[in-house]
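Please open the model in your viewer and keep the sequence panel beside it, so that each selection can be followed in both.

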Amino acid sequence: MAEAPPEPTRAAPVVSDRTRAGALRSLAARRSASHLWVRVARWVVPMIGVGFGALMLVVRFGTGATNLDELLGRAIGAICWVGGGLALLGLARADDAADDRDGITALVHLRGHQRSALARARRTTAGWVVMGTICPTAIGLAVLEVALARSLSDLWVAVVLGTGAAAFTAFASVILALVARAAAALNPHRPRLMAAALLLIPELVRTAGLTIPSVPSVLAAVLEQTLKLGAGAA
């Protein structure tokens with residue numbers, strides 16, 4: 001009986017470097033988003049949004065007020081500091097030991113990447129993780145203010161302020177992510193303590209009368225200018 005001819009071997013699919021790099025960034029982002037404090041933030045931020053959204057509806061229909069800019073500004077501040085702060089705690093950690101324990105390092109090596117490539121991907125995607133945590137709710141509240149506008153002038157102000165609020169939230173996400181990754185690099189053993197120091201020590205020095213930049217003061221100044229931008233469009 002004649003033997004069946006051997007089946008031709010299939011060539012392994014060719015994967016481009018861009019696809020491999022994108023897969024590595026996706027893995028790094030999923031790992032960062034799985035941290036406890038980031039998961040907590042992704043529960044807390046929508047709750048803040050629901051609370052402020054309900055308050056905006058009450059103010060609009062209960063009092064007939066036409067200006068909800070201050071409420072939106074307070075909501076954006078709460079979302080950035082509470083939600084963004086929780087996400088910062090989640091990202092401020094040294095992940096090398098956890099990657100080794102969970103087999104992520106071995107998986108990355110099997111895919112032809114070095115440990116340093118995973119670290120770079122984590123730094124690159126940190127801002128996206130914070131944005132994904134706080135931006136959707138902030139944009140939702142901005143859209144709600146637009147929907148509640150009662151005149152063309154109110155609509156224009158709401159659109160300008162909402163656009164500025166979305167841009168500010170993205171900016172704050174990048175800044176907070178940079179602080180988190182800097183803290184992990186400067187003090188891998190106590191990254192969260194280092195993150196607190198990076199945020200609070202310059203602010204404490206400012207209270208002593210020295211004019212130095214700090215993350216809270218910079219974000220507060222940018223948010224104030226964002227609100228003035230909306231007021232100027234009236």
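Begin by selecting helix α3 (residues 69–91), where Glu 70 and Arg 74 stand 4 residues apart and are therefore separated by about one helical turn; helices here are DSSP runs of H or I with at least four residues, strands are runs of E with at least two, and both are numbered from the N terminus. The side chains of Glu 70 and Arg 74 meet in a salt bridge at 3.2 Å, N to O (a side-chain nitrogen of Lys or Arg within 4 Å of a carboxyl oxygen of Asp or Glu). Both Glu 70 and Arg 74 are exposed (over 50% relative accessible area, with buried under 20%, partly exposed in between, a 1.4 Å probe and protein chains only).

This is a predicted model, in which local features need pLDDT of at least 70 and side-chain atom pairs count only at pLDDT 80 or more, while totals for chains, interfaces and linings use all residues. Residues are numbered from 1 along each chain as its sequence is written, and side-chain values use heavy atoms, leaving out hydrogens and water.

Next, select helix α8 (residues 191–207), which holds Arg 206 and Glu 203, 3 residues apart; their closest N and O atoms are 3.9 Å apart in a salt bridge. Arg 206 is partly exposed at 33%, and Glu 203 is partly exposed at 27%.

Then move to helix α9 (residues 215–232), where Glu 224 and Lys 228 lie 4 residues apart and form a salt bridge at 3.6 Å.

Finally, display the whole chain, which has 9 helices and 0 strands, and colour by burial: buried residues make up 39% of its 234 residues.
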